[in-house]
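Visitor: I'm new to this structure and would like to learn how to read it. Could you walk me through it, feature by feature?

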Amino acid sequence: MAESGEFELLGRMTIGQYLPTGSPLHTIDPRGKLFVGVLLVLTTVATGSLLGLTLLLITVVAGFLLARIALRYALSGLRPLLPFILILALLQVFTIPQRGAASVLWHWGPLIITDASLLAGITLIGRVFAMVLTLSLLSFTTTTTELTHGIEHLLLPLQAFRFPAHELALVAIIAVRFLPILAQETERLMKAQASRGADFGRGRGNPIRRTRRLLPLVVPLFLVSLQRAEDLVLAMEARCYTGGRGRTHLIQLKARHRDYAFVAALVGIAVLAVTLSVISADHCVQGWLAGML
Amino acid sequence: MNQREAPIIAVQDLWHTYLAGTPLETQSLRGVQLEVFAGEAVGIIGPTGSGKSTLLQHLNGLLRPQRGEVYVRGNALSRRDAAVRGVRQSVGLVFQSPEDQLFERYAGDDVAFGPRNFGLSADEVRERVRSAMEAVGLPFSCKDRLTWELSHGQRRLLALAGVLAVDPLVLVLDEPTAGLDPQGRRALLRVLSAWRKAPGRALVLASHNMEDIAEICTRVYVLSHGHVLLQGTPREVFARDDVLAPNGLTVPAAMAILLLLKARGCQVPTAALTVEEAASAIEAVLHG
């Protein structure tokens, strides 16, 4: 099968997509999902232990099963990141401060691998996977409308301090809505200019020439975006948009028992993951690694 | 028209799936067969989402065949080493609202973009710009005008000139008259039929506007759910209201009026494609 993705900009992006499988996870209150999503990402950063990370990874994989979405699809979105993740992990393995307590597993000239550094490398990979999978799951199961409503509601308490919660949510929704439109326009313009012999190929020529080659793409893209923005302003004006004050929503968010149960369960898991790293259960993993090599 | 010759473009059993292997997978083309011969004006009609645009993008190698084959002057486009640049030179593709792709400050520079990309000398480029602008009915002096000063209809003609300046054998257009006023539409259709008259050239036109198709096409393909439902001359295809209507397609307005008259019991022949033909058919009934 020949490559056909020369101009496909949207196809490769998985994060940010919404996949309507109609699972129980889709019907959870978006505020709950947002809160849990942010909490889990913070937990992956906070937990330094492999055990804690494993717990988080199992949780998110269970989430994928529950959402009836193939894990393979989320992983395919990770593929372009893989080289960077591996390079970062290798850097960790070879440069982590060689603490006195760590035992050397392997060395060759200046290159030394200790049990601590190997563990750090593995932890880094686990962390990135847990984070990306969590955020992917959030976007796969939540529409952009739900997300922005969620953000607005979560920020609402801050309005007491004159924080523009509604405006911020609106900016967020417009930005998110514009992204796929811009990607589509870019694809269309790339194809149109390529039909006139334009070559957006990589590499050749000095930076100035390479930038010049993008002009046929960038100039029309700006014009089209400005036009779209103007249309949007007109549409909002025509519907007498006056900002958030006194505005009601078509969909009233209402937390039910199951939403509370969902949040409580995941807060529990997060606490457990952090506790695991605090009591430093990794000593046994380190010992196990050393024993294996 | 000589159908014995080899076609310029041959599409054989073409399949295309968007986002294959993801939950968002959509089947766009399912085994399309299509041929374009020199001298023809091929129309492609079909409801939104029938795969028209996907098919058009295969004709100049923007999309490569996933299954099946597209031959352009004998070049098999599914091959990795296919000469795609040469194919894009011989098949010019004009997208919907092509005026969006203009980017140069001066009109002439934008028309020159294509010929320059294909490596022509300054003199040749100048000559190509002149003949392309004249072909679309813009005076050559327009080349020094600011692109943004031109009217909407003029900008579309300018964008068309930008593709014609590459001097393709086949011109492929997606909804060329959408959003134009009647005068702009007439001008564009005139340009297209005149351009096709030169020997060896062919036109492929996807449109929702049945009047456009009836007016300039010599052969029509009806696309539905990614495969060819019908093909034939406009007269043959538009006679099949029984196939068109269930697929959300209409016949040209002139023919629709005759069909209505016939339904009311008036014995008129219903084969007319243009207003003039319909008028003479009605006249014949009134006087005869």
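Visitor: How are helix 1 of chain A and helix 5 of chain A oriented to each other: roughly parallel or roughly antiparallel?

Guide: Before that, a word on the ground rules. This is a predicted model, where local features need pLDDT of at least 70 and side-chain atom pairs count only at pLDDT 80 or more, while totals for chains, interfaces and linings use all residues. Residues are numbered from 1 along each chain as its sequence is written, chains are lettered from A and ligands numbered from 1 in the order in which they are written, and side-chain values use heavy atoms, with hydrogens and water left out.

Guide: Now the general idea: two packed helices are described by the angle between their axes and the distance between the axes. Axes here are lines fitted to C-alpha atoms, for helices over the stretch in contact, and angles run from 0 to 180 degrees between N-to-C directions. Helices (H or I, at least four residues) and strands (E, at least two) are DSSP runs, numbered from the N terminus. In this case, helix 1 (residues 30–46) and helix 5 (residues 115–141) of chain A have axes that come within 9 Å and cross at roughly 175 degrees. The two helices of chain A are therefore roughly antiparallel to each other. For the labels, angles under 35 degrees count as roughly parallel, over 145 as roughly antiparallel, 65 to 115 as roughly perpendicular and the rest as oblique.

Visitor: Which residues in helix 1 of chain A meet helix 5 of chain A?

Guide: Start with a handy rule: an α-helix has 3.6 residues a turn, so residues three or four places apart point the same way. On the helix 1 side of chain A you'll find Lys33(A), Leu34(A), Gly37(A), Leu40(A), Val41(A), Thr44(A) and Val45(A). Their partners in helix 5 of chain A include Arg127(A), Ala130(A), Met131(A) and Leu138(A). By class, this contact of helix 1 with helix 5 of chain A has 8 nonpolar, 4 polar and 2 charged residues. Contact means heavy atoms within 4.5 Å. As for classes, Ala, Val, Leu, Ile, Met, Phe, Trp, Tyr, Cys and Pro count as nonpolar, Asp, Glu, Lys and Arg as charged, and the others, Gly among them, as polar.

Visitor: How many helices and strands are there in chain A?

Guide: Chain A has 10 helices and 2 strands, and from the N terminus on its elements run α-α-α-α-β-β-α-α-α-α-α-α. Of its 293 residues, 37% are buried. Here buried means under 20% relative accessible area, exposed over 50%, and partly exposed in between (1.4 Å probe, protein chains only).

Visitor: How many residues of helix 3 of chain B are buried?

Guide: Helix 3 (residues 107–117) of chain B is mostly covered, with 8 of its 11 residues buried. Among them are Asp110(B), Val111(B) and Phe113(B). The cover includes helix 7 (165–195) and helix 8 (207–238) of chain A, together with helix 4 (122–135) and helix 5 of chain B. Just after helix 3 of chain B, Gly119(B) takes a positive phi of about 75 degrees.

Visitor: Which residue has a positive phi of about 45 degrees although it is not a glycine?

Guide: Ser97(B) does, in the loop between strand 6 (91–94) and helix 3 of chain B. Ser97(B) counts as partly exposed, at 26% relative accessibility. His225(B) also has a positive phi of about 45 degrees without being a glycine. His225(B) sits in the loop between strand 9 (219–224) and strand 10 (227–232) of chain B, and is exposed, with a relative accessible area of 58%.

Visitor: Is Gly51(B) buried or exposed?

Guide: Gly51(B) is buried, with a relative accessible area of 7%. Its place is in the loop between strand 3 (41–45) and helix 1 (52–59) of chain B. Leaving aside neighbours within four places in sequence, Gly51(B) is in contact with Ser28(B), Leu29(B) and Leu223(B).
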